[in-house]
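Please view the sequence and the structure first.

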Amino acid sequence: MSTLIEVAGTRLRSPRFWQENGTLAVLLLFVVFATVVSEGVFIRPSNLITILYQASIVGVLVLGQSLVVIAGGLDLSIVAVLILSATVMGGAGSEQQSMMMLGGLPYIGLWPAVFAGFLTAAFFGLINGLMVTALRIPAFISTLATTLLVGGIILVVTGGSPIYYPDPFFTNFGNAKLFDLPAPVYVFFGLAAVVWWLLNHTSFGRKLYAVGGSERASHYSGLSVFVMRLAVFVLCGLCAGLAGFLFLSRTGYISYASGADLLMTTIASLVVGGISLAGGVGGVKHAVSGVLLLAALSNFMNIMLISPHIQDAVNGFVILIAVSTYSYINSEKA
Amino acid sequence: MNPISSPSPDGHRLPRPSTAASVLRFIAGNELLLVWLVLAAAASLVSPFFLTETNLRNILNQSSVLGILACAQFLVVVIGGFDLSVAAVLALASVIFATLAPTAPLAGALLGIAAGASLGLLSGVAVTLGRVTPMIATLGVMGIARGLAFVVAEKSVSVPPALLEPFKATIWLFSVPVIVWLVLAAVLAWMLARTRFGRNLYAIGGNERSARLAGVPVLKRKLSVYALSGALSAIAGLALVGRTSSGVPHVGAGWELDSIAAIVIGGARLFGGEGNILKAMMGVIIYQTVANIMNLVSLNPFYQDIVKAIVIIVVVGVSVMRAARQQGGRS
């Protein structure tokens, strides 16, 4: 018995343990705290389902972003790409909507439009990847420039008016439920499983950590850093496309100004989960626990009727505190 | 006097540039002027309105707010960082000032600047003591500033025009915000070139480790630079209120990128240690002239964003490649 406690004690003192499980521990503590403060409202099954539902879009974005970040990059254009691909899916996939659009997206049928939406997302992922690898522009500048570019394209395509009437398929999908859980939640966890498999059970995943850990070492050990980088940006673009699909399904609406807070939430989720923005560190467990913690925090603030604008500020603080804490833990380890 | 053979007691004063070097620098400065003249000539061919006094005043007015932001950004870039919070801090200061202007304009202005400086200091603390990379730290502060701006004012706050009379005065081409911008830029140029503080910043940006070993108080300097950047961004917010008569919580999305692009056009090195702030200001004017020309030929504003994105990619791409080539040549 005493040895068990000793073993537990050493594990709890090891920085590695906290790096792996710190966020989960904080999440559990937070759930207890929120339940007590909200007098039980927080822990109701209907509320927990709401949290998962709200987390699903951010979750898909974070999973895509985590691939880029593990490989040592960062993609700030995901929200713009999300909007553009949702615009393509909603605009070109609905005859009514496409006739109403000032800018002009031809009606091409629902499934071709969904395909075109994903293709668009992958294309801008490729553009990001090429700027970062071939032109060697720092990732955050090139992807911010892509944000501007894509934002302009959205305005040109839509003429500035939002998408109100996507094909009913989208909202039907968003409201579909299996065992009380909405379909987007399954998409999120399904993608998490795929990314987990990719990172832990394929050579692609192992190489990704190598590239993020040391680009030069990877290059000299014969890994094609160029191809890896390109691939993660394309995958991240595709995830943004998928998130666009989910966004349209959940709201039946998309506009140029949609999802303004998504980028901050995404980055906050990543760093809170303990994925180092320096690259080479982190996994699906980190990504998912970060997403859930931030979703729980935001839901709790909603229950307590705290203004959404304060929530932006809180996300900012959370980023600063989380990154500082992890850099402290990591320096302890060294 | 050879500064290497006769180290001064403080040990980290850089040599004064020689006459030849300053002549060379003057020519290099004119290179940007040349670019502007070519742009201006092309623009006058396309639109007879370009070279009118009204339009030139417009360009300067439009440059003033971005110019002050670029001053803030320049200081941070010189020490090898980035400040993505400049535009959000500008928005926060603009709403603080606009909200308080009818009752206590001076207090509003000071409070705005103090808020900017504190948020800048917060970035600085996160970067130095928290060991957060500048980009993420200032991204976090960007969220905080933007959130606070919306807390102060949910929607745009307009200021009674009578209160802003003093801002509306102009001397020939120069309005008050433009004068504020030019004075700030001149003071910073003097500070960067002639004071120990300024030279320290270049040393930190060039090689932080060497700077620390040479006795530069890196921590203190970094904190001051980020605080200064916040305060300058806030001043840009006040200038914006002076120009547009309203404080807007959502104003300036993307301006942080504009400020980086403008100073890179002006020849600042993206990874620190090099650059001339006056040239960076010339970069701002060139950047705004391009925007102005797009307006004059009435290019669809939706396309203007696309053109801007392409300009940023090309300019920053060229700068990065040049930096890479320089490093390749040295090693």
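## Burial, packing and chain contact

Of the 331 residues in chain B, 48% are buried, a residue being buried if 20 or more other C-beta atoms, placed from the backbone, lie within 10 Å of its own. This is a predicted model, in which local features need pLDDT of at least 70 and side-chain atom pairs count only at pLDDT 80 or more, while totals for chains, interfaces and linings use all residues. Residues are numbered from 1 along each chain as its sequence is written, and chains are lettered from A and ligands numbered from 1 in the order in which they are written.

Chain B contains 13 helices and four strands; these are DSSP runs numbered from the N terminus, with helices (H or I) of at least four residues and strands (E) of at least two. Among the contacts in chain B with a separation of 6 or more, 78% join residues 24 or more positions apart. Two residues are in contact if their C-beta atoms, placed from the backbone, lie within 7 Å.

Just after H11(B), Gly267(B) adopts a positive phi of about 90°. In H8(B), residues 196–206, the buried residues are Asn200(B), Leu201(B), Ala203(B), Ile204(B) and Gly205(B). The elements of chain B that cover them include the following.

| Helix covering H8(B) | Residues |
|---|---|
| H2(B) | 53–78 |
| H7(B) | 176–194 |
| H9(B) | 208–213 |
| H10(B) | 218–244 |

In chain A, the axes of H3(A), residues 45–70, and H14(A), residues 284–303, come within 8 Å and cross at roughly 135°. H3(A) and H14(A) are therefore oblique to each other, as is any pair whose angle is not under 35 degrees (roughly parallel), over 145 (roughly antiparallel) or 65 to 115 (roughly perpendicular). Residues of H3(A) including Ala55(A) and Val58(A) meet residues of H14(A), including Val291(A) and Ala295(A).

Where the chains meet, 35 residues of chain B are in contact with 33 residues of chain A. Helices H5 (134–152), H11 (255–265) and H13 (301–330) of chain B each give two or more residues to this side of chain B. The largest share, 14 residues, comes from H5(B).

Terms used
Buried ≥ 20, exposed ≤ 12 C-beta atoms within 10 Å, placed from the backbone. Axes fitted to C-alpha atoms, helices over the stretch in contact; angles between N-to-C directions.
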